[in-house]
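Q: Please take a close look at the helix packing in this model. Which elements meet, through which residues, and what lines the pocket beside them?

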Amino acid sequence: GPRLQHVCAGLRPGELTGPVDATKMALRSLARRHQALSAEVRELDKDLRNLTAQACPALVGIFGAGSDTAGALLLAAGDNPERLRSEAAFAKLTGVSPVQASSGKTTRHRLNRGGDRHANAALHRIVLVRLRWRHPPTIDYVERQTAEGKSKREIIRCLKRYVAREVYRALIDVPADASSPA
């Protein structure tokens with residue numbers, strides 16, 4: 001953990017006379033590199049939070065959408081969210097449009113395997129956050145669908161589609177000056 005990292009960063013190997021000194025030097029080097037990269041990640045996360053909040057505050061305001069998820073969804077939508085014709089087009093772009101996968105007597109759907117995989121993963125993370133933190137509308141929906149006999153996989157598919165609708169509305173409601181480059 002952090003304590004071990006701090007101790008390793010403070011090691012003083014001295015002259016390299018044996019494997020113990022070489023190990024100390026390697027541990028010190030790795031610990032210092034880890035500290036530097038961790039500081040860089042914190043700084044970049046702060047910048048990403050500011051940029052996503054500036055580009056689309058409504059998107060960051062969606063329950064379960066952090067700056068990394070919002071960033072992935074903004075990348076999928078591109079510089080010009082107005083080019084998205086409809087909510088269904090956005091769902092197809094993100095790979096959450098339903099595709100008929102029925103056979104015989106069963107009628108079911110699956111998610112479209114096309115689309116932007118990073119945006120799809122972002123929608124999936126939003127759904128998982130909502131399930132994990134017991135988002136009341138999401139939990140109510142899961143309970144209703146479970147009572148109807150749907151599998152967890154089908155429920156998550158439907159929830160991803162619902163979140164895509166919510167994200168689309170947030171993207172389309174972007175003020176005109178926020179989407180233009182500064």
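**Helix packing and a pocket**

A: Helix α1 (residues 2-9) and helix α2 (residues 19-55) have axes that come within 7 Å and cross at roughly 120°. That angle makes α1 oblique to α2, since under 35 degrees counts as roughly parallel, over 145 as roughly antiparallel, 65 to 115 as roughly perpendicular and the rest as oblique. On the α1 side the contact (heavy atoms within 4.5 Å) uses Q5, H6, C8 and A9, and on the α2 side L27, R28, A31, R32, H34 and Q35. These residues divide into 4 nonpolar, 4 polar and 2 charged, where Ala, Val, Leu, Ile, Met, Phe, Trp, Tyr, Cys and Pro count as nonpolar, Asp, Glu, Lys and Arg as charged, and the others, Gly among them, as polar.

The model is predicted: local features need pLDDT of at least 70, side-chain atom pairs count only at pLDDT 80 or more, and totals for chains, interfaces and linings use all residues. Residues are numbered from 1 along each chain as its sequence is written, and side-chain values use heavy atoms, with hydrogens and water left out. Helices (H or I, at least four residues) and strands (E, at least two) are DSSP runs, numbered from the N terminus. Axes are lines fitted to C-alpha atoms, for helices over the stretch in contact, and angles run from 0 to 180 degrees between N-to-C directions.

Next, α8. The axes of α6 (residues 117-132) and α8 (residues 152-172) come within 9 Å and cross at roughly 105°, so the two helices are roughly perpendicular. From α6, N120, L123, H124, I126, V127, R130 and L131 meet I156, L159, K160, Y162, V163, A164, E166 and V167 of α8. By class, this contact has 10 nonpolar, 2 polar and 3 charged residues.

Helix α5 (residues 87-94) also packs on α8, at about 115° with the axes 9 Å apart. Here E87, A88, F90, A91 and T94 of α5 meet R161, A164, R165, V167, Y168 and L171 of α8. The class count is 7 nonpolar, 1 polar and 3 charged.

The second largest pocket has a volume of about 380 Å³. Its lining has 16 residues, of which R110, L111, R113, R153 and R157 are closest to the centre. β2 (109-111), α6 and α8 each give two or more residues to this lining, and α8 gives the most, with 5 residues. The lining divides into 2 nonpolar, 6 polar and 8 charged residues. On a 1 Å grid over the protein atoms alone, a pocket is an open set of points where a 1.4 Å probe fits, with protein on both sides within 12 Å along at least five of seven lines, and lining residues have an atom within 4 Å of a point. The volume is the space filled by probe spheres set on the points, which are joined across faces, edges and corners.
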